[in-house]
Amino acid sequence: MSVFPYIVAGWLLLVGLWGIVTSRHLVHLVICLSVMQSSTYVLLLAVGYRHGAKAPIFADIPSGTQVVDPVVQALTLTDVVVEATVAALLLALAVQAQKRFGTVDPDELGALRG
Amino acid sequence: MAYVPLAVLVPMLGATFLAAARELLSRALADAVSLALGIATVTLCAIALAHSVDHTIVYWWGAWTPRPGGVALGIDFAFGPLDAGMAVFAASLTVIAGVFSWRFLAEVDALYHAILLVFLAAMVGFSLSGDLFNMFVFFELMSVSAYVLAGFKIDQRSPIEGSLNFAITNSAGAILALFGIGLVYSKTGALNLAQIGDQLGRHGVDAVVVAGFTLIVCGFLVKAAAIPFHFWLADAYAVAPTPVCILFAGAMSELGLLGVARVYWTAFAPVLDPHAEALRWTLIAIGLGTAFVGAAMSLAQHHLKRMLAFATIAYMGLFLVGIAMLSADGLAGTAIYVVGDGLVKAALFVCVGIVQHRRASLDEVDLHGRGRDLRLTAGVFVIGSLAIAGLPPFGPFLGKALVEDAAAHGHGLWWMPAVMMIASAVTAGALLRAGARVFFGWGSAGQPDESSDEAEGETEPETDKPHDHTPVLMWLPAVALLLAGLAWGVLPGLADAALRAADRYVQPNVYAAIVLHGAPPEPTTPVSLSASGASYLYGVGAVVGALMVAAAGVTRLRAVDATRPLFAWLRKLHSGHVGDYVAWLTAGVAVIGTAFAITLR
């Protein structure tokens with residue numbers, strides 16, 4: 001099993017974090033959070049991957065065939081749903097921020113300090 | 001065993017019904033339905049608690065029991081009295097928050113109740129779950145509904161920003177936890193906590209285990225608001241509707257710590273137990289740091305809810321110290337401390353809510369002397385502040401005393417009681433100072449000694465204008481919560497029962513045998529636990545210290561001026577900027593991960 005997907009997952013996690021820390025736009029920030037979340041998709045799918053194995057759909061393959069791990073795929077799907085919920089909520093808040101503050105730059109919100 | 005799934009399904013389906021029928025329901029009907037569902041959930045969780053007293057209850061969803069040999073493919077709820085007790089507590093606080101919302105939040109519809117019930121369902125599910133990934137899913141469900149509740153007053157400025165900071169920081173933390181779960185799965189091929197523990201125990205510690213453990217623990221510590229992950233909490237609590245604060249401060253943050261405790265004792269203890277000493281010091285350092293940052297920051301606040309939020313952070317630090325003992329007596333003390341403190345803190349939040357209802361303000365300076373005729377509220381607030389400082393025989397005293405005894409006698413940390421006494425004295429002192437100014441008009445009115453810029457933009461009232469009287473549904477919860485906090489401290493046999501439960505909690509092999517192999521419970525040995533004589537001295541010491549801190553704050557001693565640069569520096573760190581928060585989060589994970597990598601080998 002190649003280490004390459006793990007490197008990609010780690011990279012996505014860090015680059016997403018970097019994006020959130022330096023973001024100047026809430027929509028950009030939400031996308032960075034999604035990038036960060038996608039690192040977990042890559043990680044989970046890489047964990048379950050078996051070289052040369054089939055997709056875990058047992059309808060049309062003989063039993064006993066080696067398949068990739070279906071558990072991590074289920075986890076990834078759940079994870080995607082969670083991420084979609086969070087992203088939708090955050091984008092709604094970003095819209096409200098634009099309405100109330102007239103800006104979507106986290107540097108200029110500043111209603112809460114100290 | 002039908003009560004187990006129903007404990008989650010009743011609030012969840014109830015929420016669906018309320019959301020679907022929201023056009024048809026009047027406000028009173030929505031209140032009544034959600035209250036009935038809340039009480040039903042409390043009852044179901046209480047049944048679960050009663051059943052789990054003697055035996056860890058394992059419920060396999062869809063009857064997918066483990067294969068012979070202990071391979072769990074199904075998903076289980078597995079809980080003892082501590083887990084079920086937390087579920088009962090969270091559900092009870094939800095009911096109280098619902099009662100308090102009745103008159104406090106004038107303009108909400110059934111959607112508010114629906115989200116409150118989803119939040120409850122997630123908390124109950126998280127409390128009972130025996131599966132690592134399901135813990136994550138319930139954790140996220142809890143978080144998402146909490147983001148919505150925090151930003152419920154969406155037409156005002158600060159709730160938007162508070163909810164954004166809360167949501168982004170906590171989502172980043174949850175992603176880190178999920179990354180850790182992925183790493184653990186890659187190592188063990190298991191998601192069931194007992195099976196993970198079983199698998200990890202066969203291997204030694206390696207880089208993947210340490211990385212997975214770090215990420216999962218840090219993910220939960222974000223919710224528990226340990227430093228340096230705590231920044232979001234004050235923003236979220238300051239802007240959330242006060243009834244929601246009761247739930248946030250009493251149950252949600254504590255569930256983060258429950259996550260740490262459960263994951264450690266069920267999944268990681270078999271492999272990390274030889275390194276318990278090193279782990280203990282790391283957790284103690286985080287816990288005490290959190291306690292003192294929270295204490296100092298609550299002293300620097302003038303916004304009453306923000307002050308209570310930092311007080312919450314301070315006490316979360318002390319709870320973490322209790323868990324850090326990594327022993328049954330420390331855990332038993334923490335469990336009692338969490339509930340006792342949660343009850344009293346909820347009473348304080350209700351008091352602040354009453355002040356807000358009557359005076360349409362939350363600023364200590366603005367409110368100076370304006371609370372003079374709120375006698376009952378003043379009484380509850382002052383007694384509550386003394387109780388969370390550690391006034392015997394209130395619940396927080398008992399919990400704090402047991403944690404102190406565990407540290408001093410169990411682990412030779414003789415200095416710990418004194419340090420915990422100082423932290424709780426400073427925190428409670430800040431609350432007493434605010435109480436003295438607001439309810440008695442002590443000290444001089446006018447400008448505060450520190451710049452109170454945090455109050456700007458946060459003063460938008462939740463209840464638009466001051467009201468003439470306090471409705472019974474507001475003062476009754478305050479008094480009831482305070483009395484419950486008192487009862488919790490004097491309940492006979494509570495400490496013994498908590499120790500028996502904690503004793504089972506800290507034995508991963510017993511847990512694994514019951515979950516994976518359906519083993520019968522081991523007979524529990526009778527134990528007894530009570531607060532030592534010295535802890536009464538520390539309790540009284542904390543109360544005296546709190547009164548001194550409050551007096552110094554009210555009279556504005558010259559010595560207070562000398563500390564101003566420290567507070568200014570500390571407050572500057574709490575910038576309200578979400579990028580800073582996530583930078584702190586990243587740095588914190590790196591530091592804690594390095595500490596674990598060095599010490600856990």
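Here is a short chat about some features of chain B in this predicted model.

Reader: Hi! Which strand does strand 1 of chain B pair with, and in what sense?

Author: Strand 1 (residues 57-60) of chain B pairs with strand 2 of chain B in the antiparallel sense, over four bridges.

Reader: Nice. And what stands opposite Ile57(B)?

Author: That would be Phe79(B), in strand 2 of chain B.

Reader: Which way do the residues of strand 2 of chain B point?

Author: Asp76(B) and Ala78(B) point one way from strand 2 (residues 76-79), while Phe77(B) and Phe79(B) point the other way. All of them are buried, Asp76(B) included.

Reader: Switching to helix 15 of chain B: what span should its 16 residues have?

Author: Helix 15 covers residues 395-410 of chain B, and at 1.5 Å a residue it should span 22 Å. Its end C-alpha atoms are 22 Å apart, so the two values agree.

Reader: How many of its residues are buried, and what follows helix 15 of chain B?

Author: Helix 15 of chain B is mostly covered, with 14 of its 16 residues buried. Gly412(B) follows the helix and has a positive phi, near 70°.

Reader: Now the surface. Which residues make the nonpolar patch?

Author: Leu376(B), Val472(B), Trp475(B) and Leu476(B) make a nonpolar surface patch of about 340 Å². Helix 17 (residues 472-490) of chain B gives the largest share, three residues.

Reader: Where does Trp475(B) lie? And why does Trp475(B) count as partly exposed?

Author: Trp475(B) lies in helix 17 of chain B. Its relative accessibility is 33%, so Trp475(B) counts as partly exposed, a class that sits between the buried limit of under 20% and the exposed limit of over 50%.

Key
Residues numbered from 1 in each chain as written. Chains lettered and ligands numbered in written order. Predicted model: local features only at pLDDT ≥ 70, side-chain atom pairs only at ≥ 80, totals over all residues. Heavy atoms only, no water. Buried < 20%, exposed > 50% of the residue type's maximum accessible area, 1.4 Å probe, protein only. Helix = DSSP H or I, 4+ residues; strand = E, 2+ residues; numbered from the N terminus. Pairing = 2+ DSSP bridges. Expected span 1.5 Å × (residues − 1). Patch = residues over 30% accessible without salt bridge, like charges linked within 9 Å, V, L, I, M, F, W, Y side chains within 5 Å. Areas by Shrake-Rupley, 256 points an atom, 1.4 Å probe, with all protein chains shown as cover. Salt bridge = Lys/Arg side-chain N within 4 Å of Asp/Glu carboxyl O.
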